[in-house]
Amino acid sequence: MANVLEKFSLVDQVGIVTGGGQGLGRTFCHAFAEAGADIIVAEINAKTGPHVADEIARLGRRSMFVETDVSDQASVQQMVAEALSTFGRIDFLMNNAGIVQHLPAEQVDVEDWRRVLDVNLTGVFLCCQAVGRHMLERRSGRIINIASMSGLIVNFPQCQASYNASKAAVIHLTKSLASEWASGNVRVNAIAPGYMNTAMAQPFFDDPAYGGVWIPAIPMKRPGEPEELGPVAVFLASEASSYITGATLVVDGGYTIW
Ligand SMILES: NC(=O)c1ccc[n+]([C@@H]2O[C@H](COP(=O)([O-])OP(=O)(O)OC[C@H]3O[C@@H](n4cnc5c(N)ncnc54)[C@H](O)[C@@H]3O)[C@@H](O)[C@H]2O)c1
């Protein structure tokens, strides 16, 4: 019987991370590479994406940046074609790219509403579909969608109806695809992070109007560090989670308990 830690290994696996150029996506790229995987950084930002791909190469893994807009079907199909022509197969996909708009619902422009849904929900679907077809053909694959605790609760004091709705939909899309693709040996799961201490979020934690409200509402009384999500992602991308599909793992310091 294999040692239990071997089940977490991603050695010789190939994975795609969308929005891998910064923030949590960059952390996920590093975590997967540290577990042994080769990484395709599918990112809309042509400056940050290549930088992270270089970092992964310096870890001794193969890596590739593909400029990708996850909300654009042609762009997603091109990215998957390039990934397959370079690496030959895709073992796991992480749908991490996401955007947020903070605005009271009565002031939200329909174009902004659509953009959030296009990136956060349709983008996840397009990547799942394009990569899922390949995985179903191989009868092997794992997909991890980055949802949010905002798909389970409504944050306060910030107003973000489009984001909350999109993340709730990602959680149910995850279950729907898990149901359809279980017989094809493709597992689909989600991670729902709480407030994470990324470079972009950090100023908000110091602001009494935001951090002053958020932190007391977290049972663990602190934001999560991005690195605390890496092992969870490796777990879902690896054989360690072989009997888990359709699940959403909540990583929020207990925020959704209260
Ligand atoms: N940071 C948090 O506290 C937190 C909490 C819960 C969930 N999340 C989710 O985690 C994910 C990453 O969040 P983050 O804080 O690192 O955000 P971020 O803004 O720092 O990074 C998002 C990345 O996605 C890329 N991106 C945006 N639109 C894209 C598109 N159309 N196609 C391809 N790439 C695109 C951006 O260029 C960027 O590199 C998001 O889905 C977010 O909703 C974040």
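Predicted model: local features only at pLDDT ≥ 70, side-chain atom pairs only at ≥ 80, totals over all residues.
1. Overall architecture. The protein chain contains 8 helices and 7 strands. Its C-alpha trace spans about 50 × 40 × 35 Å along the principal axes. A compact globule of 258 residues would have a radius of gyration near 18 Å, and the protein chain, at 18 Å, agrees with this.

2. Burial and contacts. Of the 258 residues in the protein chain, 46% are buried. Among contacts in the protein chain with a separation of 6 or more, 74% join residues 24 or more positions apart.

3. Packing of α3 and α4. Helix α3 (residues 73-87) packs with helix α4 (residues 110-138) at an angle of about 35°, and their axes are 9 Å apart. The crossing of α3 past α4 is right-handed. On the α3 side, Q73, V76, Q77, V80 and L84 make the contact, while α4 contributes L126, C127, A130, V131 and H134. By class, this contact of α3 with α4 comprises 7 nonpolar and 3 polar residues, with no charged residues.

4. Ligand shell. There are 29 residues around the ligand, of which G19, G23, A97, G98 and M196 come nearest. Two or more residues of the shell are given by each of the elements α1 (23-34) and α4. The largest share, 3 residues, comes from α1.

5. By class, the shell around the ligand has 15 polar, 12 nonpolar and 2 charged residues.

Technical notes. Residues numbered from 1 in each chain as written. Axes fitted to C-alpha atoms, helices over the stretch in contact; angles between N-to-C directions. Helix = DSSP H or I, 4+ residues; strand = E, 2+ residues; numbered from the N terminus. Left-handed = near helix turned anticlockwise from the far one by under 90°. Contact = placed C-beta atoms within 7 Å. Nonpolar A, V, L, I, M, F, W, Y, C, P; charged D, E, K, R; others polar. Near = placed C-beta within 6 Å. Rg over C-alpha atoms; globule rule 2.2 N^0.38 Å. Buried ≥ 20, exposed ≤ 12 C-beta atoms within 10 Å, placed from the backbone.
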